[in-house]
Amino acid sequence: MGILSGNPSDEPLHYGEVFGIWTNLATNNGLIAAYQTFFNHTGDDDLKKIIEEAVQCMEDESKQLEKILKVNAVGLPPAPPARPVARLEDIPVGARFNDPEICAALSMDVAAGLVACSQAMGMSIREDIGMMYGQFHTSKAQLGAKLLKLSKSKGWLVPPPLHVDFPEKH
């Protein structure tokens, strides 16, 4: 039996998988701190729930990623400290992120995360790693759908030019 023909979790990671996992963990670490800050700036309760869900999702991902790196003797990336809770009223108005900006930032991060998960799935030769990123992708797609629905319902979505006038057919 070859080195890549047994239990996937017993197979070695290739360098691309290691880099993808390490980078994913480093990104999650930074985004968790950023989203904790966004939470402090958010006035909308629906957006707060989505931010909490996003943080929980990334924390769950990070546990899986850390375990894989540790089992494979790869050092973990640095993580910033958790952000303290602050009252929105204590943040000067001119220094605050507003809710539409926060929602747009989360939406951009989700879109980038979907691409990163797709890339990780495509380059993985270990089935368990590819499946893990498939699960991450599904979670991010669901989060993205919630953000889009929220943006539309709150009037925060700024669409690109819409194609509404169709030329008449001759």
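A nonpolar core is a set of buried Ala, Val, Leu, Ile, Met, Phe, Trp, Tyr and Cys residues joined through side-chain atoms within 4.5 Å. The exercises below concern a predicted model.

**Exercise 1.** Determine how many residues the largest nonpolar core has and which elements give two or more residues to this core.

*Solution.* The largest nonpolar core has 19 residues. Those with the most contacts inside it are Tyr35, Phe38, Leu47, Ile51, Leu106 and Leu147. Two or more residues are given by each of α1 (15-41), α2, α3 and α4 (127-154). Helix α2 supplies the largest share, six residues. Apart from this core lies another, of twelve residues, including Leu65 and Phe136.

**Exercise 2.** Identify the residues that tyrosine 35 touches, not counting those up to four places away in sequence.

*Solution.* With that exclusion, tyrosine 35 touches Ile51, Ala54, Val55, Met58, Leu106 and Asp109.

**Exercise 3.** Classify the packing of α2 (residues 45-71) and α3 (residues 99-123).

*Solution.* The two helices pack at an angle of about 30°, with their axes 11 Å apart. Angles under 35 degrees count as roughly parallel, so α2 is roughly parallel to α3. The crossing of α2 past α3 is left-handed. On α2, the contact is made by Leu47, Ile50 and Ile51; on α3, by Asp99, Ile102, Cys103 and Leu106. By class, this contact has six nonpolar, no polar and one charged residues.

Methods
Residues numbered from 1 in each chain as written. Predicted model: local features only at pLDDT ≥ 70, side-chain atom pairs only at ≥ 80, totals over all residues. Heavy atoms only, no water. Axes fitted to C-alpha atoms, helices over the stretch in contact; angles between N-to-C directions. Helix = DSSP H or I, 4+ residues; strand = E, 2+ residues; numbered from the N terminus. Parallel < 35°, antiparallel > 145°, perpendicular 65-115°, else oblique. Left-handed = near helix turned anticlockwise from the far one by under 90°. Contact = heavy atoms within 4.5 Å. Nonpolar A, V, L, I, M, F, W, Y, C, P; charged D, E, K, R; others polar. Buried < 20%, exposed > 50% of the residue type's maximum accessible area, 1.4 Å probe, protein only.
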